[in-house]
Amino acid sequence: VGLSILVAGGTRIWFQLLSPKPFAMAVAAIVGLVVPEVLQLTRWNYVVLHSIWHLCAFGLTGWMMSQFNEGQPRTIADLIVLGLGNPGVKYIGTRHNVGVEVINRMALSRTLELRPAGHGAALTSVFEQDAQIIVFAASEVYMNRSGVAVQAVCREHGVTDARRVVVVHDDLDLPPGRIRLKFGGSGAGHNGLASIAGQFGTTD
């Protein structure tokens, strides 16, 4: 068991020296599973220890695989279009939720289904047009935590450039029915934009 734990702990170094990562995981699994056989721990009085060793090896390998998978983008996106709002029935139809409503309508017009993402911060759907991968996302967190949703969706789809993210939100300075396109600049006191700028470290 101790050797299995040591192998798992050392995989961080292996990941850097012996890419790709699955190779290091395979080595860890092999060592954890083969060593007890080599040591001939199958004698009747070592059956329990033998079983525990295998269970630990399987458990560690499964955990390592989950960590590896979490760090991999599901689909690399060319553009993310994310609508801001607040979760909960009482916010449906309110002006503050116009960003989420826009995303819902865009998805519906393209017969897309917004589904919960693994991170739980947004509902997302992937759409391909003209060889471009576009991710529609509807925030599932409160407005003042919008940066968490944007960061989670960007991480999930391999986007690191803030200029590849379009944020749809309400603007109290505009009359109903008016739309403004804006590239970067101040958030004008909007809590959602302030949270996003805080996460990205930029207002671009």
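**Note on a predicted model: loops, a helix pair and cores**

1. Thr111 sits in the loop between α4 (98–109) and β2 (115–116); helices (H or I, at least four residues) and strands (E, at least two) are DSSP runs, numbered from the N terminus. This is a predicted model, in which local features need pLDDT of at least 70, side-chain atom pairs count only at pLDDT 80 or more, and totals for chains, interfaces and linings use all residues. Residues are numbered from 1 along each chain as its sequence is written, and side-chain values use heavy atoms, with hydrogens and water left out.

2. Most residues other than glycine have a negative phi. Thr111, which is not glycine, has a positive phi near 50 degrees. Its relative accessibility is 74%, so Thr111 counts as exposed (over 50% relative accessible area, with buried under 20% and partly exposed in between; 1.4 Å probe, protein chains only).

3. Ala131 is not a glycine either, yet its phi is positive, about 65 degrees. Its place is the loop between β3 (122–129) and β4 (132–139). Ala131 counts as exposed because its relative accessibility is 61%.

4. How do helix α5 (residues 146–156) and helix α6 (residues 191–200) pack? Their angle is about 50 degrees and their axes are 7 Å apart; axes are lines fitted to C-alpha atoms, for helices over the stretch in contact, and angles run from 0 to 180 degrees between N-to-C directions. Therefore α5 is oblique to α6 (angles under 35 degrees are roughly parallel, over 145 roughly antiparallel, 65 to 115 roughly perpendicular, the rest oblique).

5. Residues of α5 that meet α6 include Val150, Gln151 and Cys154; on the α6 side, Ile196 and Phe200 are among them. Contact means heavy atoms within 4.5 Å.

6. The largest nonpolar core has 15 residues, and Ala77, Ile80, Leu82, Val150, Val153, Cys154 and Val159 have the most contacts inside it. Such a core is a set of buried Ala, Val, Leu, Ile, Met, Phe, Trp, Tyr and Cys residues joined through side-chain atoms within 4.5 Å. β1 (79–83), β4 and α5 each supply at least two residues of this core. Apart from it lies another core of ten residues, including Phe127, Ile134, Ala138 and Val168.

7. Leaving out residues up to four places away in sequence, Val159 touches Ala77, Ile80, Cys154, Arg164 and Val165.

8. Arg163 is in the loop between α5 and β5 (165–168). With 67% relative accessibility, Arg163 counts as exposed. Arg163 and Leu79 are 84 residues apart along the chain, and their C-alpha atoms are separated by 8.7 Å.
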